Every structure is written in structure tokens, then in C-alpha cells.
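Student: I am new to this structure and would like to learn how to read its features. Could we go through some of them in turn?

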Amino acid sequence: MSNKTYLAVDLGASSGRVLGGRFDGSTLQLEEVHRFENGPIAFAGHLHWDLLKLWQNIKDGLTASGSKFGSEISSIGVDTWGVDFALLGRNDELLGNPYHYRDPRTQGIFERAFAKVSRDEIFAETGLQFMEINTLYQLIAMREANSSILESAESFLMMPDLFHWLLTGEKGNELTNASTTQLLNPVTKQWSKKLIEGFDLPERIFGEIVDPGSVVGPLRTTVLEQIGLNGTRVVRPGTHDTASAVVAVPAKSSPGEMPNWCYISSGTWSLMGVETPHPIINEQCAEFNYTNEGGVYGTTRLLKNIAGLWLVQECRRIWKQGGHEYGYSDLVRMSQEATPLASFVNPDHSDFAAPQDMPAQIRDFCERTGQIVPQADGAVIRCVLESLAMRYRVVHRKLQDLTGTKIDTIHIVGGGTQNQLLCQMAADACNCQVVAGPVEATAIGNLMLQAVASGDIGSLAEGREVIRNSFPVVTYTPKTPTMWDDAFPRFEKTCSI
């Protein structure tokens with residue numbers, strides 16, 4: 001076949017990019033066309049996404065892609081982070097700038113929410129882990145504030161649904177991102193009427209649940225006038241970035257069976273889980289606070305959110321403000337020089353959700369918990385990386401408990417694969433093989449699903465074979481697992497505080 005090019009619009013919490021994937025029938029070549037910064041904007045006491053800037057950057061990236069790839073372009077798909085959303089009013093008017101998930105309006109909301117619908121009922125209905133950032137609690141906060149925006153809303157769109165609507169004029173709530181709301185039933189794959197009514201949310205705003213891999217439609221006339229790309233379709237990938245990243249895991253597995261591998265989509269967050277053939281909703285899953293999110297082609301992503309490289313990113317930002325601009329390779333080198341396994345933090349502790357000064361918060365946590373306080377910047381980073389590896393160890397064990405399957409390989413995909421020290425730490429802490437790569441997993445998974453939707457690739461399994469043939473991986477084996485075994489009780493103690 002002649003080359004076909006698919007375009008992935010991949011929006012993360014700290015950056016966005018538009019990439020082209022050229023497929024020649026056997027391998028996929030990735031080319032970044034446009035990259036831009038993303039992040040929260042503080043406004044009137046709240047945090048918002050800069051939607052207009054994001055939209056302009058997307059259009060700029062698509063215009064540049066048209067100049068580069070021309071008539072080869074077959075389709076476009078958008079993926080983003082989960083939980084955040086936009087509301088449209090009468091005549092499809094955008095009602096305000098979407099809130100950022102770290103906005104403080106949902107802090108402490110659990111007690112009030114569970115007074116209306118119990119925690120057990122919510123989990124039984126959704127199978128989702130409890131996080132104050134979840135869409136459900138954002139909507140409850142709007143209801144509590146008597147929000148005029150919520151009162152006027154006619155349509156609810158998750159962030160990638162919003163961009164697909166901006167591109168085509170067609171609405172729909174794609175399954176994988178809708179499953180992050182804690183308002184979707186993972187068995188029926190429909191909105192939970194019980195929770196919508198229980199929390200007095202406007203049922204009219206929740207639209208049709210649509211599958212990943214489905215065609216949204218052609219570009220709007222007004223968009224064509226701005227960016228060109230006539231004849232290009234918009235196709236929904238797994239619009240939740242983790243769903244797309246899991247598509248790109250270069251593993252072999254049989255449909256309908258529990259795999260002997262798990263994944264970590266490593267970036268600002270570390271999303272660690274297993275691709276299962278069905279949801280696992282039971283007391284043990286509720287106790288562990290694990291989540292059942294929608295995957296592609298009927299699969300479920302049984303996973304745990306871990307606070308990821310957010311802590312490293314924030315340390316780097318604070319040090320830059322102080323005049324020390326470290327590259328990520330500098331941080332790894334500095335941490336290698338620090339004493340191993342000296343102190344730990346719980347990466348998921350609320351102290352690290354949005355502190356003003358992350359390095360100071362880490363040192364304070366170590367001091368409060370009676371540990372060695374890391375003084376040098378490299379020691380702070382080592383503390384963070386080792387703590388993340390220990391969290392992987394905990395989640396790895398609990399995933400085996402939940403699935404009843406021995407997991408002997410961890411696939412790490414995403415930007416975190418470039419941190420070779422963290423990958424080796426994960427192998428040592430979990431005492432199993434780690435396979436790292438590909439780096440641009442989210443974009444690759446996005447592109448792969450577009451290729452399947454176009455008929456150029458026959459199945460998810462074939463897509464993963466293409467990925468194995470197209471992108472290199474690095475394998476890590478345990479080197480010092482006994483050291484990590486000995487240090488683990490100290491980490492457990494730290495996390496219990």
C-alpha cells in the first residue's frame with residue numbers, strides 16, 4: 001500500500017503536540033510537527049485551562065501537518081487527560097473556560113458527597129477509584145455553589161470530546177474518557193442514572209456514549225477555511241490518554257484472557273494497571289481503591305493512579321525560580337550520586353498535590369516522619385524516584401491479588417521510559433522484568449486506533465505487532481532486589497502516616 005498518514009493531537013497536563021504517523025503497511029514512523037506548553041491558569045481564585053490557546057495551537061499544528069504531509073493525511077484524532085470537561089449552553093455556546101482538576105473547589109468534598117450517596121453505592125455503580133478530582137465531585141461542587149453555568153448547560157463534553165466537536169460540529173461522549181468521570185457504569189457502559197439523580201445533576205446534559213475507533217465526521221467548513229485538510233476525517237481514538245497509551249503497549253496477549261503483564265503509563269502521573277477482559281468490582285478492589293476504566297474493543301483498564309513525575313517536575317520548576325535550571329538528565333545524574341534508599345515519601349499524600357514549594361514539602365515530610373532529611377537537590381530527586389518505585393511494588397502485588405494472575409513483566413510506556421534510573425529501580429523494587437518503550441506511547445496508540453478504524457490494520461493484536469516492529473524497547477532485569485526488600489518495611493511505615 002502507499003503511505004498513509006494519521007494525525008494525533010495529544011494533549012497532556014503540561015504540554016501538547018501534534019504528530020504525524022506515516023504507515024507503509026508494516027511499520028509506523030512518527031514525526032512531531034508542533035509542540036506547545038500547557039498548564040493551569042490562575043483566575044479569580046480558581047484554576048482553569050487556557051482553552052482558546054489550546055485550540056489555536058491545535059489549528060497551528062494541523063495547518064503545519066497539511067503543509068508537510070499533504071494528500072497523504074487520512075484522519076485526525078484527539079486524546080487528552082481525564083476528568084475535566086466543558087459545558088455548552090443553548091445554541092452550543094461555550095459556558096466559561098473549563099476548570100483544571102487541581103482547582104481547590106473539590107477539597108474535602110467526600111464527606112458531603114457520601115452523605116447523599118454512600119461510598120459503597122458509588123463504587124458498586126462505577127467501579128472507580130475515589131479521587132477528589134473526579135468529574136463527579138467537580139459537578140457536585142458546581143451544584144453546591146449554585147452554579148449558573150451548570151444551571152444553563154445543555155451539553156457535557158469531556159476535553160477530547162470538546163475538541164472533536166470544535167473540529168467537526170458533532171457531539172458524543174467517548175467511552176474511555178467518560179469512564180474517568182465516576183458517573184459511568186462499566187458493565188452497562190452507560191451513564192449512571194442512579195448517581196445523576198442521587199446528586200441532583202441535570203440528566204439532559206449527558207449525551208450518547210460512543211466507542212473508541214468510531215468516526216466523528218468530516219471537518220467543519222469553518223475549520224477547513226482556516227487549516228485546509230479537505231477530505232480528512234476525524235476519528236475517535238481511545239480519547240483518554242492512558243487508554244491510547246495502553247494500546248501502544250508492545251505486548252502479546254490473547255483476547256478474553258488475563259495477561260501476565262501490566263503497564264505503567266509514566267509521565268506527570270503514573271497509571272499502573274492490567275488490561276482485563278471485564279471489570280473487577282468487588283470488596284477487595286474497593287478496599288484497594290483501584291479503578292475500572294474503559295479500554296478499547298471491550299477491554300477494561302484495571303489500574304491505580306500514582307502521582308508520577310509531577311513531584312520531579314515541580315521540584316525542577318522551583319529550582320529554576322531559584323536560579324538553578326536543571327535538565328532532566330542533570331537530575332538523574334545528581335540523584336545517582338545520592339545515598340540509596342535513605343528516605344521515602346508517599347507520592348500520593350495530599351501534601352504533594354499542589355504545594356507552593358515541592359522540595360521544601362518533601363524535606364518537611366521526611367522530617368515529620370523521623371527520617372533522614374534529603375538536603376542536596378539530587379538527594380531530593382532520589383527520594384522521589386525510589387518512593388515511586390516502591391509504590392509500583394505495592395500496586396504490582398495488589399494487581400496480582402485482584403486478577404489471580406502472576407505478573408512477571410511490567411511494560412513502562414511514555415515519557416518516563418527515558419528515565420533509565422527509575423526503570424531500573426522499578427525492576428529492582430518489583431523484582432521482575434521491566435520493558436521500557438515506546439516513549440510516545442499515547443500518540444502511537446492514538447494513531448494505531450485510527451489505522452484500525454480505517455481498515456489499514458485488522459485488529460489491536462496486529463497493531464501491537466506493528467508497534468513491536470516499529471519502535472525500540474529497553475529491557476531491565478533486577479540487580480539489587482534484596483536491598484529493596486530490606487527497605488520496604490520503612491516505606492510501608494512512611495505511607496501509613
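## Reading helices, strands and single residues

Tutor: This is a predicted model. We can begin with packing: the buried residues of helix 19 pack against helix 14 (358-368), helix 15 (377-403) and helix 16 (420-430).

Student: Which residues of helix 19 are buried?

Tutor: They are Pro 481, Trp 484, Ala 487, Phe 488, Phe 491 and Thr 494.

Student: How many residues does helix 19 have, and what span does it reach?

Tutor: Length is read from the first C-alpha to the last. Helix 19 covers residues 481-495, which is 15 residues, and reaches 20 Å, close to the 21 Å expected at 1.5 Å a residue.

Student: Where does helix 19 bend?

Tutor: At Ala 487, by about 40 degrees. A proline, Pro 489, follows within four residues of that point.

Student: How does helix 1 read, taken in the same way?

Tutor: Helix 1 (residues 51-69) has 19 residues and spans 27 Å, close to the 27 Å expected. Its buried residues include Leu 51, Leu 54, Trp 55, Ile 58, Leu 62 and Phe 69. Just after the helix, Gly 70 takes a positive phi of about 55 degrees.

Student: What should I look for in a strand?

Tutor: In a regular strand the side chains alternate between the two faces of the sheet. In strand 8 (residues 155-158), Ser 155 and Leu 157 lie on one side, with Phe 156 and Met 158 on the other. Both faces are covered, and these four residues are all buried.

Student: How many bridges join strand 7 to strand 8?

Tutor: Four, and the two strands run antiparallel. Strand 7 is residues 85-88, and Phe 85 stands opposite Met 158 of strand 8.

Student: Is Thr 176 buried or exposed?

Tutor: Relative accessibility decides this, and buried means under 20%. Thr 176 has 0%, so it counts as buried. Thr 176 sits in helix 7 (residues 175-178). A polar atom of its side chain lies 3.1 Å from the backbone nitrogen of His 240. Beyond four places away in sequence, Thr 176 touches several residues, including Pro 212, Gly 238, His 240, Gly 294 and Arg 301.

Student: Why is Gln 424 called buried?

Tutor: Because its relative accessible area is 14%, and the cut-off is under 20%. Gln 424 lies in helix 16. Leaving out residues up to four places away in sequence, Gln 424 touches Tyr 476, Thr 477, Pro 478 and Lys 479.

Conventions: Residues are numbered from 1 along each chain as its sequence is written. This is a predicted model: local features need pLDDT of at least 70, side-chain atom pairs count only at pLDDT 80 or more; totals for chains, interfaces and linings use all residues. Side-chain values use heavy atoms; hydrogens and water are left out. Buried means under 20% relative accessible area, exposed over 50%, partly exposed in between (1.4 Å probe, protein chains only). A polar contact is a pair of N or O atoms within 3.5 Å; within protein, one must be able to donate a hydrogen and the other to accept it, and residues adjacent in sequence count only if both atoms are side-chain atoms. Contact means heavy atoms within 4.5 Å. The expected span of a helix is 1.5 Å times one less than its number of residues. The bend at a residue is the angle between axes fitted to the seven residues ending there and the seven starting there. Two strands pair if DSSP finds at least two bridges between them.
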